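Hi,

Here is the structure I promised to pass on. Have a look at it first, and my notes follow below.

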Amino acid sequence: MSNTKVLPLLEPEAADVGVPCCPPLTERPLTADEAERTARMFKALGDPVRLRLFSAVASHEGGEACVCDISDVGVSQPTVSHHLKKLKEAGLLTSERRGTWVYYRVEPSVTAAMGRMLSSLG
């Protein structure tokens with residue numbers, strides 16, 4: 001049974017065709033809704049502990065990591081859980097409970113859309 005909650009970066013009808021919710025930043029100004037969704041993701045990555053956890057999941061072999069494998073980031077286990085929850089709420093991670101452990105994966109469509117948004121700046 002999956003315990004996954006992801007806030008969409010893709011509009012429901014756009015998700016089927018892989019179109020990001022937000023255009024590259026140089027294309028046009030973001031709408032208020034686009035800016036709100038996007039800010040939530042960047043805010044989640046703005047915390048050093050969350051960034052380390054996100055990196056640990058992203059770089060873990062097989063593209064997913066058990067919480068037991070990524071909890072050594074210098075904070076207590078309840079704090080790790082809090083930060084992982086924030087990354088999930090921002091739509092950056094998905095999770096699945098397997099027995100007593102929770103496994104996390106980076107949400108590739110979300111990170112790809114974030115990359116497309118920023119790639120036009122360089």
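**The cysteines**

Cys 66 counts as buried, because its relative accessibility is 2%. Please keep in mind as you read that this is a predicted model. Cys 68 is partly exposed, because its relative accessible area of 35% falls between the 20% limit for buried and the 50% limit for exposed. As for disulfides, which are covalent bonds between the sulfur atoms of two cysteines, a search of the whole structure turns up zero.

**The strands**

Strand β3 covers residues 101-106 and pairs with two other strands. Strand β1 (residues 64-66) runs antiparallel to β3 and is joined to β3 by three bridges. In that pairing, Glu 64 stands opposite Arg 105 of β3. Strand β2 (residues 93-98) is also antiparallel to β3, with six bridges joining the two. Here Ser 95 has Tyr 104 in β3 as its bridge partner.

Which residues of β3 lie on its covered face? They are Val 102, Tyr 104 and Val 106, while Trp 101, Tyr 103 and Arg 105 make up the uncovered face.

**The core**

The largest nonpolar core has 22 residues, and those that touch the most other members are Leu 53, Leu 84, Leu 87, Leu 92 and Leu 93. Two or more residues of this core come from each of α2, α3 (48-59), α4 (77-89), β3 and α5 (108-119). The most come from α3, which gives four.

Setting aside neighbours within four places in sequence, Leu 84 is in contact with Leu 53, Val 67, Ile 70, Leu 93 and Tyr 104.

Finally, a word on Arg 40, which sits in helix α2 (residues 32-45). Arg 40 counts as partly exposed because its relative accessibility is 33%. Arg 40 and Gly 91 are 51 residues apart in sequence, and their C-alpha atoms are 8.7 Å apart in space.

Happy browsing, and best wishes

Definitions and conventions: Residues are numbered from 1 along each chain as its sequence is written. This is a predicted model: local features need pLDDT of at least 70, side-chain atom pairs count only at pLDDT 80 or more; totals for chains, interfaces and linings use all residues. Side-chain values use heavy atoms; hydrogens and water are left out. Buried means under 20% relative accessible area, exposed over 50%, partly exposed in between (1.4 Å probe, protein chains only). Two strands pair if DSSP finds at least two bridges between them. A nonpolar core is a set of buried Ala, Val, Leu, Ile, Met, Phe, Trp, Tyr and Cys residues joined through side-chain atoms within 4.5 Å. Contact means heavy atoms within 4.5 Å. A disulfide is a pair of cysteine sulfur atoms within 2.5 Å.
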